Amino acid sequence: MTSAKLGSFLRKGHLDRETMKQQPQRTVRRRRSPVHRAAKYLAVIDMQKISRPTQDKSPSELSTQSSRTSLQLLMSSNSSQHLLEDQVLCPICLDVFRNPVTTACGHNFCMTCLQSFWDHQADTGETYYCPQCREAFPSRPRLCKNVILGEMVACFTLAKSQTSGPLWGLAGPTDVPCDFCSPQKLKATKSCLQCMASLCEKHLHSHFEDPLFQEHQLLDPVWDLKNRLCRKHRKLRQMYCRTEGSCVCGACLLEEHQNHDTTPLEDERARKEVEVRKIQANVENQMLIIASDSQKHQGRVSFLSKLIQTMREEVNTCFSEILHEVKQLQMKVLDFVENEETVALGMLGNSMQQSHSRLLKLEGDSVWLHGLLANKSDEQFLQEFPTLKHFPACVEPLLGTNCEETQSFLQLPETLAQLRIRLMDIGLNFINQLLLKGIRMNSYEVLPATVDRKTLLQNYCNLNFDSSMASEELFLFKETHSVLNLGILLEPSTTSPLPGFKQWPQVLCCPGLSEGCHYWETEVSDSWMCLGVTYRRNPSMSGRHRRNIVYLLGRNPYSWCLEWDSLKFSVWHNNTQTVLHGSYHHTLGVALDFRAGCLSFYGVAGDVSLLYRFLTSFLEPLYPAVMVSSGASLTLKQYPEA
């Protein structure tokens with residue numbers, strides 16, 4: 001089994017096992033596999049065949065021939081053939097069993113596959129379990145070859161080749177298909193330059209049997225044969241001319257491409273693949289940066305939604321209160337108008353009542369005077385005449401009440417108009433100020449423009465190791481600005497400004513960096529190491545959170561780092577890992593834009609290639625820091641002209 005298949009299966013098994021840990025345990029009911037059912041079916045067929053004469057054959061020959069005949073009968077049906085074929089495949093390598101073994105739970109595997117699987121569990125310290133049903137074993141089981149199943153697999157392979165014949169050689173995704181097969185394409189074994197086609201074993205017979213094809217030139221199967229042939233010489237183009245950048249055949253090398261820089265196609269492709277893989281790693285790392293920023297966008301959308309909802313509630317509350325105050329003001333003005341109306345109507349009523357009383361009295365006097373004049377008796381007239389003395393000579397004045405229309409509610413409409421204008425002015429002024437206090441958005445570079453090393457070196461910062469902030473197991477070389485780790489000694493130090501920082505093979509650099517752009521480079525060995533920045537004093541060192549702090553670079557919320565673990569690059573922050581793409585770089589560069597909150601890591605090989613970029617907000621000065629594992633070394637590069 002290949003390492004790629006094993007790695008894929010182990011990853012899948014690890015995920016499945018983690019999933020099963022989260023689910024309640026269920027009782028595993030052992031069932032006989034279809035292989036056992038097929039074997040039972042074969043045994044029934046063998047019992048039917050035993051009535052035939054067998055005196056001239058040994059028991060082993062009888063068993064082999066009987067099983068082989070039974071398998072052929074079973075495989076004569078397509079459905080039975082596919083069913084049995086699925087059951088003789090190893091669940092790990094997905095290939096036909098090789099030296100099959102059976103576990104205590106009844107599942108079958110290749111001996112090599114199962115041994116490799118349990119070797120991986122032993123290296124990781126996991127409990128041994130069956131890769132198929134996950135039944136755990138207290139100790140590593142002893143494996144023995146399943147002889148019966150091995151014989152069945154051998155008979156199946158033989159019967160498969162006899163019954164299905166050429167179908168056993170169907171072309172796979174990586175195989176060159178036969179150009180003459182239809183509809184199912186078999187795997188080609190040769191390519192013919194004269195026929196310009198690839199042929200399977202069946203269609204290749206004519207090239208060996210018919211004299212007409214004896215002169216045809218046969219090659220190993222070639223992809224895209226028509227385009228690989230030289231149109232001029234009708235030969236396969238197997239060389240690459242670097243001088244003219246074209247594929248050529250052997251005859252071309254002797255003619256127009258003589259003395260040119262040429263190389264085999266495979267070698268040129270291998271050289272070009274290195275460049276392609278570098279570009280591919282750069283593209284995929286950029287995808288990781290964008291994906292990380294997209295995750296932050298989700299948080300920003302959630303924050304913006306909450307902010308808008310809060311502001312909407314603030315606006316509704318404020319204007320509700322304003323409308324309430326305006327309503328109160330309106331009620332006060334209306335009360336004033338109603339009070340004025342009551343007073344004015346009262347005064348008019350009193351005036352009308354006085355006028356009415358005076359009118360009634362005068363009417364009575366008028367009647368008496370009319371009676372006096374109408375009296376015919378002179379004697380009575382003269383006797384009543386002195387009564388006129390009681391009538392006043394000057395009647396008391398009677399005052400009337402009038403409403404002056406031009407002076408009533410003097411300038412009240414104008415006052416209300418001024419109030420409305422002032423309210424409008426205040427509202428417009430408020431709106432104008434509000435337009436200046438909306439949501440403030442700013443742009444930032446998720447992916448920077450292409451930058452060359454010469455530009456980065458303009459902001460170069462020569463760093464030095466801080467011996468007071470170095471782990472005791474590290475050796476610092478001041479002259480070469482190098483650090484070397486010769487062992488593992490994890491002893492906590494209580495005198496460090498960063499308690500626990502020196503528990504790991506780490507060292508802090510100086511000076512601290514803030515306010516501006518900075519760049520530095522390091523040369524690293526091909527061993528486990530971390531390169532990054534950290535705050536000198538941890539923001540959350542106090543209280544109950546201190547026990548949960550991991551002081552290794554990148555494993556806490558106040559440090560950021562790039563890690564090389566001898567196999568791959570990854571970046572760490574707040575104990576979250578992001579695996580990067582790309583191969584080992586002997587020289588690494590770090591660029592810091594403090595104000596923009598940007599920390600970039602570069603691979604340096606002549607020019608620079610971006611590995612990853614952190615986008616955040618830095619709250620304190622940052623100090624470069626490194627971690628070097630046992631046997632590893634790191635050197636801070638110095639540029640005197642910086």
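The residues lining the largest pocket of this predicted model divide into 15 nonpolar, nine polar and five charged, where Ala, Val, Leu, Ile, Met, Phe, Trp, Tyr, Cys and Pro count as nonpolar, Asp, Glu, Lys and Arg as charged, and the others, Gly among them, as polar. The volume of this pocket is about 640 Å³. Of its 29 lining residues, the closest to the centre are Glu445, Asp593, Ala596, Cys598 and Arg613. A pocket here is an open set of points on a 1 Å grid over the protein atoms alone, where a 1.4 Å probe fits, with protein on both sides within 12 Å along at least five of seven lines, and lining residues have an atom within 4 Å of a point.

Residues are numbered from 1 along each chain as its sequence is written. Local features need pLDDT of at least 70 and side-chain atom pairs count only at pLDDT 80 or more, while totals for chains, interfaces and linings use all residues; side-chain values use heavy atoms, with hydrogens and water left out.

Among the elements that each supply at least two lining residues are strands S18 (587-593), S19 (598-605) and S20 (607-615), strands being DSSP runs (E, at least two residues) numbered from the N terminus. Strands pair if DSSP finds at least two bridges between them, and the table lists two such pairs.

| Strands | Sense | Bridges |
|---|---|---|
| S18 and S19 | antiparallel | seven bridges |
| S19 and S20 | antiparallel | eight bridges |

Aspartate 593 has cysteine 598 in S19 as its bridge partner, and serine 600 has arginine 613 in S20. Seven of the eight residues of S19 are buried, that is, under 20% relative accessible area with a 1.4 Å probe and protein chains only.

Key: Points joined across faces, edges and corners; volume = space filled by probe spheres on them. Helix = DSSP H or I, 4+ residues; strand = E, 2+ residues; numbered from the N terminus. Buried < 20%, exposed > 50% of the residue type's maximum accessible area, 1.4 Å probe, protein only.
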